[in-house]
Amino acid sequence: AVLYPDYTVAVIDAIAERMTWPEFEAKLRELKPRYYVTQLTAPTLTNDMYGCFLAKAIGATTMAFGTHVTPLAVETMRPHPALDYCLRGEPEMTLREVVDTQMGRTTFSPEIERLYRTTDPTWEPVVAQLDPATGHYDMSHVKGLVWRWKGEIVRNPDRNFIPNLDDLPIPMHHLLPLDKYRTAVLDGSYQFIVTSRGCTAGCTYCIKHVSYQHALRLRSPQNIMAEIRMLAELGVKNIHMYADLFTANREQVMGICDELIKANLGLKFTCNSRVDYVDEEMLMKMGQAGCSVISWGIESASEQILKNARKGALPARARQSLTWAKKAGIRNMGYFIIGLPGETRETIQETIDFSKELPLDLAIFHIAAPYPGTPFFFQVMENNWFKPGTRWEQVDMDQSTVLQYDNLSAEDLEREARRAMREWMLRPGPILTYLKSLRNFAALRSALDVGFQQMRWALFPRAAH
C-alpha cells in the first residue's frame, strides 16, 4: 500500500496458494517484477533465499526485511549474492525510497512526503546514480538500508520509526487470496490487522524487540475500524488483532471494543496477550465485542525461570486471567516454552502439570529459540549453549532446537517438548473440546490434517522431519 498508486504492485502468498516451486517460478516469469521483496526468517532462510535466486534470475532487484536481517544483514548478504538489499528495522519507507530513487521519482503526495520527513529529518528527493562497471546504484542516502557497492557490503545509518502509525495507508488486503485463509476453529475466512508496533515488556527471548524495540506505537481505534470495515466488505468473518502485544494499552483496547460493539458487523476477533496486561472488566468488554480466542504467553510454571527470562508475570496471575477470560466467553490458547535458562526435568514436569490445571482449550509447547538480536541469543553465545553444527534453519521453536545445556541436551529438549504435547493432548477433555469447536466439514478436514501432523511430530519425530 505504501507503493500504490505510484507503482504497480502484486502479492504472492505461496503457502496460502499451496504453490510448488515450479508454479512460483512460472508466476514470477508471468509478472516480470522490477523489484522482489520477501520477508526473511531464520528457520526459512534457505527457502527464502531460493525465492530471491529465482527472482534474480529473471532480472528483478531483490530485497529482504524482517527480524533476521535487522541484526544480521551483512552476515546474511555475504553468502547470498542473489540478495541485493536488506531493509533493516521498519521497512516501509526504506523500501519506498529504494524504489523512488532508482525510478527517478522526485515529486510525491503530501502523505508520502510526510512519512519520509518523519522517518528521516534530513530527507530530500534524490535520483540514484548507477555505477556502469558494477551495475550497482549509489544508495548511500537511504537510511535503514544495507546494500552492495563496488564489491563491498555497506550498512547505512538507522531510520527512525514512523511516529504515527495512522499515517500509513490501509493495507491492500484485496491483493491476497482471501478465500484461502481458513482455520479449524473459526467459522469463515480470517485476516490479520496490525494494531500496534512494539511492546513495553522485557522478555529476553522475544524477537519482536529486534525490529521495534521497547517503544510502543498505537493505531487509533478509528483507524483500525476503517480497516475492519473494509475487510467486512470483502467478506472476511474473523480478524486476528496482530500485535507484539495486543493488550499493551488498555485505553486502545477498550476503544476498539467500543467501536466494534457500535458497528455491530457480526465479526469475531482473536488476539494475543500477557496474563498481567488484562483485568476482568477489559476481558468482559472484549468478549462482548466479539473476541473468540486469546493466545496467552504463559511460558513456564516455574517462577525462577520466568524471572530468569524477565517475563514479569507469575503463574498465579495466569490462573486468574484465564479464569476471567473463560467467564467472558473467550476461549483460551496457552503457549509454553520448554528450555529457557534454568530449565530442569522437574520444572518441565511442573509446567506440564500446570498446563493441565488451567482452563485452556488448547496448549502449545515450543522449544526455546535464541533468535539473533535478542538478549537470549547473546546469553546463549556467552555461555556456549549452541549445539555444534548449528544452522539458522534449526532456530525453530516447533520441531527442533539449537540449544544444549549441561543438564539437558538438544535431544532431551526435543523429547520433552514432544512429551509435553502428548501428555496435554491425549486426554478426553482436550479431544472433546477440539471436536466440539469445529464448525463444518472443511474445518474438520483441516483440523484432522493439522492434528495428524502434530501427532506425527509428537509420536514419530524422525518421520516428521
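This is a predicted model: local features need pLDDT of at least 70, side-chain atom pairs count only at pLDDT 80 or more; totals for chains, interfaces and linings use all residues.
Now look at the two partners. Asp-6 is partly exposed, at 29% relative accessibility. Arg-96 is buried, with a relative accessible area of 1%. The pair also belongs to a network of salt bridges, which links Asp-6, Arg-96, Asp-100 and Arg-105.

How many salt bridges does the structure hold? The count is 31. As background, side chains of opposite charge can pair when their charged atoms come close.

Here is another one. Arg-217 pairs with Glu-90, with 2.8 Å between the closest N and O atoms. Arg-217 is in strand 10, residues 217-218, while Glu-90 is in the loop between strand 3 and helix 4, so the bridge ties together parts 127 residues apart in sequence. Are these two buried or exposed? Arg-217 counts as buried, at 9% relative accessibility. Glu-90 is buried as well, with a relative accessible area of 6%.

One more salt bridge. The side chains of Arg-114 and Asp-167 meet at 3.7 Å, N to O. Arg-114 belongs to helix 5, residues 110-119, and Asp-167 to the loop between strand 7 and strand 8, so parts 53 residues apart in sequence are tied together. Arg-114 is partly exposed, at 40% relative accessibility.

Let's move to the strands. Find strand 14, residues 331-338. Seven of its eight residues are buried, so the rest of the structure largely encloses strand 14. Which strands pair with it? Strand 13, residues 291-299, pairs with strand 14 in the parallel sense, over six bridges. Strand 15, residues 362-367, also runs parallel to strand 14, and six bridges join them.

Gly-297 stands opposite Tyr-335 of strand 14. In strand 15, the bridge partner of Tyr-335 is Ile-364. A general point for reading the picture: in a regular strand the side chains alternate between the two faces of the sheet.

What lies between strand 14 and strand 15 in the β-α-β unit? That is helix 12, residues 345-357, and the unit is right-handed.

Next, helix 13, residues 375-383. Phe-376, Phe-377 and Val-380 are buried in this helix. Seen down the axis of helix 13, the buried residues fall within an arc of 105°, so they line one face of the helix. After helix 13 comes Asn-384, and its phi is positive, near 60°.

Last stop: the surface. Trp-21, Tyr-50 and Phe-53 make a nonpolar surface patch of about 300 Å². Where is Tyr-50? Tyr-50 is in helix 2, residues 45-57. Phe-53 is found in helix 2 too. How open are these two side by side? Tyr-50 is partly exposed, at 34% relative accessibility. Phe-53 is also partly exposed, at 48%.

Tyr-50 has one more thing to show us. Tyr-50 and Ala-82 are 32 residues apart in sequence, and their C-alpha atoms are 8.7 Å apart in space.

Note on methods:
Residues are numbered from 1 along each chain as its sequence is written. Side-chain values use heavy atoms; hydrogens and water are left out. Helices (H or I, at least four residues) and strands (E, at least two) are DSSP runs, numbered from the N terminus. Buried means under 20% relative accessible area, exposed over 50%, partly exposed in between (1.4 Å probe, protein chains only). Two strands pair if DSSP finds at least two bridges between them. A crossover is right-handed if, with the strands pointing away from the viewer, the path from the first strand over the helix to the second runs clockwise. The arc is that of the directions from the helix axis to the C-beta atoms. Patches are made of residues with over 30% relative accessible area and no salt bridge: like charges are joined within 9 Å, nonpolar side chains (Val, Leu, Ile, Met, Phe, Trp, Tyr) within 5 Å. Accessible areas come from the Shrake-Rupley method with a 1.4 Å probe; for residues, only the protein chains shown count as cover. A salt bridge is a side-chain nitrogen of Lys or Arg within 4 Å of a carboxyl oxygen of Asp or Glu.
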